[in-house]
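Here's a quick briefing to read alongside the structure.

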Amino acid sequence: MTTHRTAQPAPDSARPAPGSPPDHGSARVPTLPSTRTSLGPATPRPRPAQATALGAVWAATRIAMLLLLIVDRLGDSGVAGEVHTLYRSWYEQLSQGAFPLDDVTWQYPPGAALVFLSPGTLPWLTYFQAFVALTLLADAVVTLALARAGVQGAWMWVCGLPLLLHLPFARYDVLVTAIAVVALLAMRGRPRLGGALAGLGAMIKVWPLLTVLGTPRGRTTRAAWLSAAASAAALFAALTLGFTHTLDFLRQQGARGVQIESLGGTALQLARKAGWAGKVSYQYGAFEFTGPYVSSVARLSLLLTAVALGWLLLWRVRARHWTTATPFDASLAAVLIFTVTSRVISPQYMVWLLGLAAVCLTSRHTTQRPVALLLLPAAALSTLAYPLLYQDVLDGTPLGVLLMVVRNGLLVTAAALSCRRLWTATATRPSVAGRAPVLTSPSGD
């Protein structure tokens, strides 16, 4: 791999003609290194008027989300109930120095204990109030980080998250997404910090580890990957020393079936309309299908997940052309394909996808703009499916089946489009006229 000196990107008017090497003083950078990194400014940061508008929309939408959550909490429905019953019970067990034992609903890596214990840092509030306050703070951190990186990404997050109504404030996925977003944005200039955050996020909910997948080869990858491994190992060691039953979650996670909102669940819903004799049962903390062939569908989902992993490894080997957006685009593509091949697609998974899509939009080099647009109606349909029309989904009514077919169809389309655009931009040889200038990454790779 050719090593380049660190240099600031030249303005568009000063860049060389397509196909010719850029001029960095007296140095000439070869045009055909084995791995190229094309860097340029992110999308513009918000001007004062834009920042004011962004803040006003964030405040208005979040107040509305909180009001919906208060109404939901008073009604003691399932959306808010998960925090003040399930999360609270885990908090009480974790406070005793033990992970939940033989609890089929505990299916999270040990780092999740930090999230469920964190409301205890605000003892003047109830557990529910403290959890929501910390989630709102994480939401604000994501908004601020995205606004500093690029205004388009900030608008995507601010306007996209309310499509899920109050659900994001009653799940811990916003806090995990905040770690992943900051990790990805840190990869540009501080890969060790980005990797460390990715490792911590992986110990909380696994998928943030995918934020290191698209780092450019060389020092950036070594720094990010080693930092991710070190931080994950350090946190795991600390939790193993401080708690008992650290790995008990693996038993519950491995026994999961086919959740009704997953891609496999949609196929079984259609089969039930055609006469299949399966039923819906509540088990492992979710509504899943039981009956003939369910285990085969679950195994097929696992096989597709393995195929997705193989494709990502192949992409990593074949990728030759990097831009500042490549780590962002690769993370979104990876999380999308693992989501659609999973045995479970919970509505809060859309929080991850919206956050990663927003990060992609902070770079003008992203290939994922059409994918981001597909995720917005997918989020809206997820809200219709849960909580608004969840009974239809459970009963398999024509409306419920249609919702799942269209929502999952959008996710499959988004995943396929994301992977195709990522591969085309990075793993195929561009035409001479379409080559991006060869510039240097901030990390010196």
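Strand 5 (residues 279-283) and strand 6 (residues 286-290) run antiparallel, and five bridges join them. They make a hairpin, with two residues between the strands. Keep in mind that this is a predicted model.

**The hairpin**
- If you want a spot to start looking, Q283 has A286 in strand 6 as its bridge partner.
- Y284 sits in the turn, and its phi is positive, at about 55°.

**The nonpolar cores**
- The largest nonpolar core takes in 116 residues, and F116, L146, Y172, L332 and L375 are the ones with the most contacts inside it.
- Helix 4 (residues 127-149) is the top contributor to this core, giving twelve residues.
- Apart from that one there's another core, made of five residues, and A198, V212, A224 and A228 are among them.

- How buried is Y172? Its relative accessible area is 0%, and since buried means under 20%, Y172 counts as buried.
- Leaving aside residues up to four places away in sequence, Y172 touches Y87, Y108, A112, V115, F116, F131, I204 and K205.

**Aromatic pairs**
- There are 23 aromatic pairs in the structure.
- Take Y87 and Y172: the ring centres are 6.4 Å apart and the planes sit at 80°, so this pair is edge-to-face.
- That pair ties together distant parts of the chain, with Y87 in helix 2 (residues 78-94) and Y172 in the loop between helix 5 (151-160) and helix 6 (173-186), 85 residues apart.
- Y87 and Y172 are both buried.
- Y108 and Y172 pair up too, and with centres 5.4 Å apart and planes at 90° they are edge-to-face, because the cut-off for that label is over 60 degrees.
- Here again distant parts of the chain are linked: Y108 is in the loop between helix 2 and helix 3 (112-117), while Y172 is in the loop between helix 5 and helix 6, 64 residues apart.
- Y108 has a relative accessible area of 15%, so this residue is buried.
- Zooming out, one aromatic cluster is formed by Y87, W90, F99, W106, Y108, F116, F131, Y172 and F243.

**A buried arginine**
- Is R62 buried or exposed? R62 has 1% relative accessibility, so it counts as buried.
- You'll find R62 in helix 1 (residues 48-75).
- Its contacts, not counting residues up to four places away in sequence, are L136, D139, W157, V158, L161, P162 and F169.

**A proline in a loop**
- P216 is placed in the loop between helix 7 (191-205) and helix 8 (219-242).
- P216 is buried, at a relative accessible area of 10%.
- Along the chain P216 and H321 are 105 residues apart, yet their C-alpha atoms are separated by 8.8 Å.

**Cysteines**
- How many disulfides does a search of the whole structure find? It finds zero.
- C360 counts as buried, with 1% relative accessibility.
- C419 is buried as well, with a relative accessible area of 10%.

Key. Residues are numbered from 1 along each chain as its sequence is written. This is a predicted model: local features need pLDDT of at least 70, side-chain atom pairs count only at pLDDT 80 or more; totals for chains, interfaces and linings use all residues. Side-chain values use heavy atoms; hydrogens and water are left out. A nonpolar core is a set of buried Ala, Val, Leu, Ile, Met, Phe, Trp, Tyr and Cys residues joined through side-chain atoms within 4.5 Å. Buried means under 20% relative accessible area, exposed over 50%, partly exposed in between (1.4 Å probe, protein chains only). Helices (H or I, at least four residues) and strands (E, at least two) are DSSP runs, numbered from the N terminus. Contact means heavy atoms within 4.5 Å. Rings of Phe, Tyr and Trp (its six-membered ring) pair if their centres lie within 6.5 Å; planes under 30 degrees apart count as stacked, over 60 as edge-to-face and the rest as tilted. A disulfide is a pair of cysteine sulfur atoms within 2.5 Å. Two strands pair if DSSP finds at least two bridges between them.
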